[in-house]
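My notes follow, entry by entry.

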Amino acid sequence: MGVGMPEYLLMFRKPQTDSTKGYADEPVIKSKERYSRARWQADAHGFTRSSGNRLLTKADFDGLSHAEVFRKFKAWSETQIYSYENHVEIAGWCDEMNMLPTGFMLLQPQSWSEEVWSDITRMMTLNSQQYSKGQEMHLCPLQFDIVDRCIKQFTNVGETVFDPFGGIMTVPYRAMKFKRKGIAFELNKSYFADGAGWCAAMEAEITIPDLFDMEALDRDNGAQDYTANKKEAVELETATDDAIDENQVELAL
Ligand SMILES: C[S@@+](CC[C@H](N)C(=O)[O-])C[C@H]1O[C@@H](n2cnc3c(N)ncnc32)[C@H](O)[C@@H]1O
């Protein structure tokens with residue numbers, strides 16, 4: 001598996017000549033011959049992807065539920081040429097219909113790269129649990145989908161998974177869920193304490209017997225009964241045999 005690190009482009013503004021002003025007062029000048037106005041306008045815009053296909057319209061979203069809007073936009077974004085303006089426009093329509101959530105991104109543009117996993121639910125992290133318990137949310141918790149996939153792909157049941165930067169312990173927490181052992185380091189005491197709490201909760205969850213466990217227990221008890229009965233039967237049999245032997249001995253005498 002290839003693992004990519006995001007690249008960061010640091011942009012620096014030309015400093016102003018007069019520091020009492022908050023903007024660069026000497027513009028960067030390029031010649032029209034070497035750098036056309038057309039190119040400048042495209043480059044100066046923050047988002048520079050191309051367009052060309054039929055874009056989605058408001059009617060495409062009328063009457064759809066959140067889940068349907070999410071799926072429709074995702075599928076469209078995966079297959080069609082992207083338009084930043086149309087993306088914003090669609091979000092605007094959703095907002096007009098009171099469909100734009102405040103707590104998460106409904107319209108998520110998808111990558112066309114085969115290296116990018118597009119089936120990760122970004123919201124599914126331990127932060128949901130932190131939030132519902134009023135605990136401090138972690139700045140960047142890992143998504144369960146990523147952790148689960150790696151744990152299942154790279155380890156076997158019973159093996160140990162180690163995260164040197166544990167945060168609120170997503171990795172050991174999920175490792176335990178999949179019957180692995182988890183170890184993690186964490187500098188921040190409060191993250192560590194919260195994470196240890198989640199791990200304890202997971203430990204309790206995985207040790208609570210469910211219906212199938214109860215059935216298995218019944219079967220085990222049945223087996224123990226059977227073993228006890230069998231032991232009794234063998235003792236009885238032996239006693240009878242001994243008795244017969246004694247009788248035979250008596251007879252022989
Ligand atoms: C990207 S976060 C990891 C989040 C974690 N995967 C989760 O889902 O909660 C990195 C964590 O590493 C911790 N950290 C940074 N330097 C560390 C160090 N030298 N030793 C242990 N933990 C460290 C930070 O406090 C932070 O919580």
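This is a predicted model: local features need pLDDT of at least 70, side-chain atom pairs count only at pLDDT 80 or more; totals for chains, interfaces and linings use all residues.

**Entry 1: H5 against H6**

I listed the contacts first: Phe144, Val147, Asp148 and Ile151 in H5 meet Thr170, Val171, Arg174 and Ala175 in H6. Contact here requires two C-beta atoms, placed from the backbone, within 7 Å. By class, I get 5 nonpolar, 1 polar and 2 charged residues where H5 touches H6. Nonpolar covers Ala, Val, Leu, Ile, Met, Phe, Trp, Tyr, Cys and Pro; charged covers Asp, Glu, Lys and Arg; the others, Gly among them, are polar.

Residues are numbered from 1 along each chain as its sequence is written.

Next came geometry. Two packed helices are described by the angle between their axes and the distance between the axes. H5 spans residues 144-154 and H6 residues 170-177; I read an angle of about 55° and axes 10 Å apart. H5 is therefore oblique to H6. Under 35 degrees counts as roughly parallel, over 145 as roughly antiparallel, 65 to 115 as roughly perpendicular, and the rest as oblique. The axes are lines fitted to C-alpha atoms, for helices over the stretch in contact, with angles from 0 to 180 degrees between N-to-C directions. The crossing of H5 past H6 is right-handed, meaning the near helix is turned clockwise from the far one by less than a right angle.

**Entry 2: H6 against H7**

I turned to the pair H6 and H7. Their axes come within 9 Å and cross at roughly 5°, so H6 and H7 are roughly parallel to each other. Pro172, Tyr173, Met176 and Lys177 in H6 meet Trp198, Cys199, Met202, Glu203 and Ile206 in H7. The class count for this contact is 7 nonpolar, no polar and 2 charged residues.

**Entry 3: How covered is H6?**

How many of the 8 residues of H6 are buried? I find 7, and H6 is mostly covered. Buried means 20 or more other C-beta atoms within 10 Å of the residue's own; exposed means 12 or fewer; partly exposed lies in between. The buried set is Thr170, Val171, Pro172, Tyr173, Arg174, Ala175 and Met176. These residues pack against helix H4 (126-132), H5, strand S1 (160-163), strand S2 (181-184) and helix H7 (189-207). Just after H6, Lys179 takes a positive phi of about 65°.

Thr170 counts as buried because it has 25 C-beta neighbours inside 10 Å. Leaving out residues up to four places away in sequence, Thr170 touches Thr125, Leu126, Pro141, Leu142 and Val147. The C-alpha atoms of Thr170 and Val147 are 7.8 Å apart.

I then checked the ligand. It is surrounded by 14 residues, the closest being Pro141, Leu142, Phe165, Gly167 and Thr170; a residue qualifies if its C-beta atom lies within 6 Å. This shell has 8 nonpolar, 5 polar and 1 charged residues.

**Entry 4: Whole chain**

The protein chain has 8 helices and 2 strands, taken as DSSP runs (H or I, at least four residues; E, at least two) numbered from the N terminus. Buried residues make up 13% of its 253 residues.
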